[in-house]
Every structure is written in C-alpha cells, then in structure tokens.
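Please open the model in your viewer and keep the sequence beside it, as this tour moves from one selection to the next.

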Amino acid sequence: MDIRTRLSELGIELPAVVEPLGGYVPAVVAGDTVVVSGQLPMRDGELVAVGRVGEAVALEAAQAAARVAVINGLAAADWALRGDERGVVGVVRVGVFVASGEGFVEQHRVADGASGLLAELNADKAFRHARAAVGVSRLPLDAAVEVELLLRLG
C-alpha cells in the first residue's frame with residue numbers, strides 16, 4: 001500500500017517535519033522498522049491543543065489532536081525514509097501520552113483519535129497495532145497529547 005496515496009484519498013497531506021525540541025531526530029530507521037519520536041499536535045508551527053485534557057481541553061479536541069500528532073509522525077517517518085525505496089506497510093505500536101486533568105481517566109478514548117486514523121489508512125488490517133495510553137501531569141510546551149509510533153517497513 002502506498003501510504004501517501006491513501007492519505008491523499010482521505011484528504012490529508014503530510015506536513016513538513018516538526019523540528020525536534022531537543023537533541024534527537026524525528027525518526028530513525030532500524031532494520032525493517034521506523035521508530036518515530038514523540039510527536040506533538042503541531043499544525044503550521046502551533047499546537048492545536050494546549051493544557052490538560054478534562055480541564056482546558058475537551059475529550060473530542062484531544063482526540064483530534066492525537067490525530068494531528070499521528071500525521072506529524074507519518075511525516076517524520078517519511079523524512080527518515082528519504083532515499084529508501086521501502087515504505088510504511090504497517091503499524092506495530094502506538095504510544096499516546098495524555099496531559100490529564102485531575103480525575104481524568106479516559107486516556108484510552110483520547111488514544112482512539114490516533115488509532116482511528118491509522119485504521120482508516122489500511123483496509124486489510126495491516127495498521128492494527130499494540131497501544132499504550134498513558135496519563136501524565138504535563139507534556140512539552142503544555143501540549144495536551146504526544147504520540148510515538150513504531151512502524152513496519154516493506
């Protein structure tokens with residue numbers, strides 16, 4: 001499956017890679033996988049959701065932010081694969097970190113925003129994946145969500 005074609009069919013264009021906030025790279029190719037660093041929900045240089053989910057950010061906005069973070073992760077994978085003839089053919093694992101307000105326990109539902117987009121990318125279930133949804137007190141830049149990916153190449 002050509003992931004760029006499928007994204008285009010969904011009306012999604014891969015953005016420019018979000019610049020790392022520290023001493024790391026957006027993604028690394030390791031054998032038949034791409035390890036994508038944690039991606040924030042940035043669009044045009046701005047966070048789309050700021051603050052803790054359940055306080056400053058509604059569940060639905062956090063789900064949409066997780067979706068944006070996945071798109072940024074796919075852009076990071078594309079960046080890492082420049083010059084490599086292989087492409088992303090599946091997802092192994094998704095990690096979703098949710099800046100959670102006091103008493104917020106719906107991290108798994110926020111993560112569904114990420115998983116939902118990945119499910120839309122491939123009808124043959126190659127993008128089914130293992131997942132962790134973790135509540136944290138704060139994320140970099142006060143982002144509501146951060147998503148990391150482990151992708152399979154073929």
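Is Asp142 buried, partly exposed or exposed? Select this residue in the model, which is a predicted one: with a relative accessible area of 26%, Asp142 is partly exposed, because that value falls between the 20% under which a residue counts as buried and the 50% over which it counts as exposed. Its place is the loop that runs between strand S6 (130-136) and strand S7 (145-153), and its backbone carries a positive phi of about 65 degrees although the residue is not a glycine. Most residues other than glycine have a negative phi.

Now select residues 27-30, strand S1, together with residues 33-39, strand S2, which pair in the antiparallel sense over 4 bridges. Within this pairing, Ala27 stands opposite Val36 in S2. The two strands form a hairpin with 2 residues between them, and in the turn you will find Gly31, with a positive phi of about 65 degrees.

For the last stop, display the side chains of Trp79 and Arg82: the charged end of Arg82 sits over the ring of Trp79, at 4.1 Å from the centre of that ring. A search for aromatic pairs, by contrast, gives 0 in the structure.

Conventions
Residues are numbered from 1 along each chain as its sequence is written. This is a predicted model: local features need pLDDT of at least 70, side-chain atom pairs count only at pLDDT 80 or more; totals for chains, interfaces and linings use all residues. Side-chain values use heavy atoms; hydrogens and water are left out. Buried means under 20% relative accessible area, exposed over 50%, partly exposed in between (1.4 Å probe, protein chains only). Rings of Phe, Tyr and Trp (its six-membered ring) pair if their centres lie within 6.5 Å; planes under 30 degrees apart count as stacked, over 60 as edge-to-face and the rest as tilted. A charge sits over a ring if NZ of Lys or CZ of Arg is within 6 Å of the ring centre and within 35 degrees of the ring normal. Two strands pair if DSSP finds at least two bridges between them.
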